[in-house]
Amino acid sequence: MLALLIAGLLCASPQGLSDADCKKLHDSLKPPAAELWRDIPWKVSLVEAQNLAAKEKKALFIWSMDGNPLGCG
Amino acid sequence: MSLAIDQWYTRRQKDSEGDYYRKICLQSPQNNVNSTTQGLYLATPDGKLLGFTNNRSPEWVREMLKKGLAKYEPAEAALLENKNPDPNFNYHLPEGGLILTVTSKVLSGYQAAVNAEVGFFQNSIGRDVLWLRKEEHQALVRGELMESLKRRLAMYNLIDNTRGEPHPWTVEEIKKLDLTLKNGVISGSVHLSNETGSRSYTCELRGTVEVKDGKVTRLDLVAKGPARGASGCTTNSMPKGEFTLAVACRLATGQDEADKVMPQGAKSWFPDYMR
């Protein structure tokens with residue numbers, strides 16, 4: 001029991017976030033692996049997307065926001 | 001073909017990419033390119049608008065796409081070139097730098113959601129990236145944490161961006177920035193607060209840095225603690241009173257298109273962001 005207590009104290013930061021807390025928290029903040037909107041092969045370069053659309057003769061769908069939809073809140 | 005952009009940059013760009021985007025906007029209800037042009041557009045490769053909506057409900061978007069695609073006649077189109085990208089709105093990671101992916105979440109403190117949309121925001125994960133300069137990367141390899149990196153992390157990433165774009169913290173709002181790197185472990189605490197204390201975040205941080213062959217191969221970091229208030233557009237549906245905010249950083253894999261997005265903080269002023 002004493003050994004466990006000492007190990008726990010050694011793993012914790014002075015402020016109290018233990019390695020186990022950190023890993024759990026870090027994992028919980030990963031974006032979900034399966035998000036429908038992320039299945040769409042988005043491009044973030046307008047030139048690249050337009051060039052691909054032109055080559056493949058496809059229409060261009062633009063999701064234009066304040067803050068990039070792939071990298072903002 | 002699907003494109004996700006931050007219109008704040010694109011509508012301002014004085015280059016062929018900006019010209020192309022504005023041409024599409026001017027055919028839509030968002031035809032004032034001096035203000036926000038956010039929305040969902042469908043266009044031909046040569047820039048003819050086929051459809052537009054600024055309603056993000058699946059039904060509205062599906063209907064817009066259906067009607068727009070019905071009008072679309074595939075044809076030859078010139079490839080857009082951008083030989084002289086506007087340097088004021090095209091930023092690049094400095095050579096030898098690093099990209100960290102940063103996520104955030106409000107863990108507790110919300111009142112009951114009044115509708116599904118508010119509930120969505122209450123459970124959302126904020127996303128951003130943190131760019132490191134070569135010197136900061138090299139310092140990490142040596143086992144050191146540069147003050148500039150600590151400051152950038154605090155100002156631009158220790159924020160609640162789960163409901164949109166908050167303002168970064170100012171240098172004056174950094175009340176405590178105590179972070180150390182020792183034996184591959186980052187630890188410490190940070191206190192951020194505006195003048196009145198109506199917006200604040202006090203967090204503990206802990207993380208791991210691993211290095212191999214002169215490069216950082218792993219950087220996992222978490223921050224957690226009590227926060228208050230919000231800023232900018234993120235005040236909508238913000239938690240009332242104290243809430244728990246967590247932030248996590250990890251090395252970008254480079255495999256995700258989102259890794260190419262410029263840091264949100266660069267919007268303030270890129271040279272200032274990277275200093």
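**Reading the contact and the sheet**

Guide: In this predicted model, the contact between the chains takes 59 residues from chain B and 40 residues from chain A.

Visitor: By class, which residues make up the side of chain B that touches chain A?

Guide: That side of chain B has 28 nonpolar residues, together with 18 polar and 13 charged ones.

Visitor: Which strands join chain A to chain B, and how many bridges do they share?

Guide: Strands of a sheet pair through backbone hydrogen bonds, in either a parallel or an antiparallel way. Here strand S1 (residues 60-65) of chain A and strand S2 (residues 39-43) of chain B run antiparallel and are joined by five bridges; within S2(B), Gly39(B) is the bridge partner of Ser64(A).

Visitor: In what order do the seven strands of the open sheet in chain B stand?

Guide: The order is S5-S4-S10-S9-S8-S7-S6, with antiparallel pairing. Strand S5 (126-132) and strand S6 (174-182) of chain B each have a single partner strand, so one side of each is left without a neighbour in the sheet. On average, neighbouring strands of this sheet are turned by 15° against each other, direction ignored.

Visitor: How many bridges pair S6(B) with S7(B)?

Guide: Eight bridges pair S6(B) with strand S7 (residues 185-193) of chain B in the antiparallel sense, and Ser187(B) in S7(B) is the bridge partner of Thr180(B).

Visitor: Which helix of chain A packs on the sheet?

Guide: Helix H2 (residues 19-28) of chain A does, touching strands S8, S9 and S10 of chain B, and its direction makes about 90° with that of S9(B). From chain B, helix H6 (residues 147-157) lies across S4, S5, S6, S7 and S10 of that chain, running at about 130° to S6(B).

Methods: Residues numbered from 1 in each chain as written. Chains lettered and ligands numbered in written order. Predicted model: local features only at pLDDT ≥ 70, side-chain atom pairs only at ≥ 80, totals over all residues. Pairing = 2+ DSSP bridges. Helix = DSSP H or I, 4+ residues; strand = E, 2+ residues; numbered from the N terminus. Axes fitted to C-alpha atoms, helices over the stretch in contact; angles between N-to-C directions. Contact = placed C-beta atoms within 7 Å. Nonpolar A, V, L, I, M, F, W, Y, C, P; charged D, E, K, R; others polar.
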